[in-house]
Amino acid sequence: MNHDVNTIFQIAGIGIIVAMLHTILKQMGKEEYAHWVTLIGFIVVLYMVITIIDDLFQKIRGVFLFQG
Amino acid sequence: MSAIDIIQIVGLGLIATFLVIVVKEQKPVFAFTITVFTGALIFLYLIGEIQHIIQMLESLAAKANVDLVYVETVLKIIGIAYIAEFGAQIVRDAGQGAIASKIELAGKLLILTMAIPILTLIIETVLRLLPA
């Protein structure tokens, strides 16, 4: 539980940092890089979310007798 | 599960909500992922407790000599309802009410399909009770 709660802060932190990088890169006129940074940040966050969703679905399968 | 756990869950929800509000200003996508993550986390936390309840139900059914197939069907139906509700709420939160309605429709249809053996059994029993 404790380890997992940290992930929420990690996601929020990544979101804020990516937003900052996006703004800075946009100010520098590198709009394409800004979009790539956003996309990669999103993929990293999505990986975290998918890990826990996979865990959740496996647990639900086990609990509700979904083996069939 | 002690009483302190509800405080933890409420605190988790509040913190997640604040973070979502902060992040939503800059990047709504990340705010949405925080929502999904928090939902999954709370659900994961609760599933252990659900397991206890289900074990109790199973032992009750075994004591009452109920066929385990029916209990299993009921459990599967509850599982489908939980998953469908979880997905539909997340999708609706993201603003896609139409997709959420379709997920709910799929959940209802699958539940109905799983309940067909039980329904046929009930109808057959009622028909047998009726005088010919």
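Me: What makes residues 68-88 of chain B a helix span?
Reply: The span is 100% helix and 0% strand in this predicted model. Helices are DSSP runs (H or I, at least four residues), strands likewise (E, at least two), numbered from the N terminus. The end C-alpha atoms lie 30 Å apart. Residues 109-130 of chain B also have ends 30 Å apart, with 95% helix and 0% strand. The unreviewed UniProt entry annotates both spans as "transmembrane region", along with 6-23 and 30-48. Such annotations may be inferred rather than shown by experiment.

Me: How do you know which residues B:Ile34 is in contact with?
Reply: Contact means C-beta atoms, placed from the backbone, within 7 Å. Leaving aside neighbours within four places in sequence, B:Ile34 has such contacts with A:Ile8, A:Ile11, A:Ala12, B:Ala16, B:Leu19, B:Val20 and B:Val23.

Me: How many residues make the contact between the chains, and what are they on chain A?
Reply: Chain A gives 27 and chain B gives 31. H2(A) gives the most on the chain A side, with 12 residues. That side divides into 22 nonpolar, 2 polar and 3 charged. Here Ala, Val, Leu, Ile, Met, Phe, Trp, Tyr, Cys and Pro count as nonpolar, Asp, Glu, Lys and Arg as charged, and the others, Gly among them, as polar.

Me: How are the numbers and letters assigned, and what is counted?
Reply: Residues are numbered from 1 along each chain as its sequence is written, and chains are lettered from A in the order written. The model is predicted: local features need pLDDT of at least 70, side-chain atom pairs 80 or more, while totals for chains, interfaces and linings use all residues.

Terms used: Two residues are in contact if their C-beta atoms, placed from the backbone, lie within 7 Å.
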